[in-house]
Amino acid sequence: MDSFWEITYVEIAARYSVVILCTVVFLAVFELVTSYKNWEEIKNGNFAVAMATGGKLFGIATIFRYSIEHNDTIIQSVGWGVFGFILLLLSYFIFEFLTPKIKIDEEIGNGNRAVGFISMLISVGMAFVIGASIG
């Protein structure tokens, strides 16, 4: 008979719980680096912030999807997931740096949907690149 931690349902529940916890922590980090309050802006109907935040959520989930697929233990999955998140966060800063004529953070906070959409696509695209690279 398998030990408790080798039961498939227990392993799935454990990975799921850890990813949810990491997602909450990572979104809090994103909240710290933006000039606006994500959830307050979303509550007020700021669609640009909703797209940018949705892209970050999708990006985090995608990175963990690859991390779980390529690692045997939860610890390894979390380690690679954290590393992938750091790269995703770095992508956000690179996007801001490479567009000196547009203050990305400010535009998203002001509801610029075009900038929010590009931010979402950068998060999603980079998540696939990061995810495919980790392992």
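Analyst: Val78 lies in helix H4, where a helix is a DSSP run of H or I with at least four residues, a strand is a run of E with at least two, and both are numbered from the N terminus. This is a predicted model, in which local features need pLDDT of at least 70 and side-chain atom pairs count only at pLDDT 80 or more, while totals for chains, interfaces and linings use all residues. Residues are numbered from 1 along each chain as its sequence is written, and side-chain values use heavy atoms, with hydrogens and water left out.

Val78 counts as partly exposed because its relative accessible area is 21%, given that buried means under 20%, exposed means over 50% and partly exposed covers what lies in between (1.4 Å probe, protein chains only). Leaving aside residues up to four places away in sequence, Val78 touches Val18, Cys22 and Phe64, a contact being heavy atoms within 4.5 Å. Val19 is 59 residues away from Val78 in sequence, yet their C-alpha atoms are 7.7 Å apart in space.

A cavity here is a set of points on a 1 Å grid over the protein atoms alone where a 1.4 Å probe fits but cannot get out, and its lining residues have an atom within 4 Å of a point. The second largest cavity holds about 40 Å³ of space, a volume being the space filled by probe spheres set on the points, which are joined across faces, edges and corners. Its lining divides into 6 nonpolar residues, 1 polar and 1 charged; Ala, Val, Leu, Ile, Met, Phe, Trp, Tyr, Cys and Pro count as nonpolar, Asp, Glu, Lys and Arg as charged, and the others, Gly among them, as polar.

The largest cavity has about 60 Å³ of space, and its lining includes Phe30, Lys56, Leu88 and Phe95. At least two residues of that lining come from each of helix H4 (74-98) and helix H6 (113-133), with H4 giving the largest share, 4 residues.

Apart from residues up to four places away in sequence, Ile60 touches Thr23, Phe26, Leu27, Phe30, Phe85 and Leu88.

Taken as a whole, the chain has 6 helices and 0 strands, and 39% of its 135 residues count as buried. An unreviewed UniProt entry places the feature "transmembrane region" at residues 12-33, 45-68, 74-95 and 115-134; such annotations may be inferred rather than shown by experiment, the positions follow the numbering used here, and feature names are shortened. One of these spans, residues 74-95, is 100% helix and 0% strand, with its end C-alpha atoms 31 Å apart.

Conventions:
1 Å grid on protein atoms, 1.4 Å probe; cavity = no way out; pocket = protein on both sides within 12 Å on 5 of 7 lines; lining within 4 Å.
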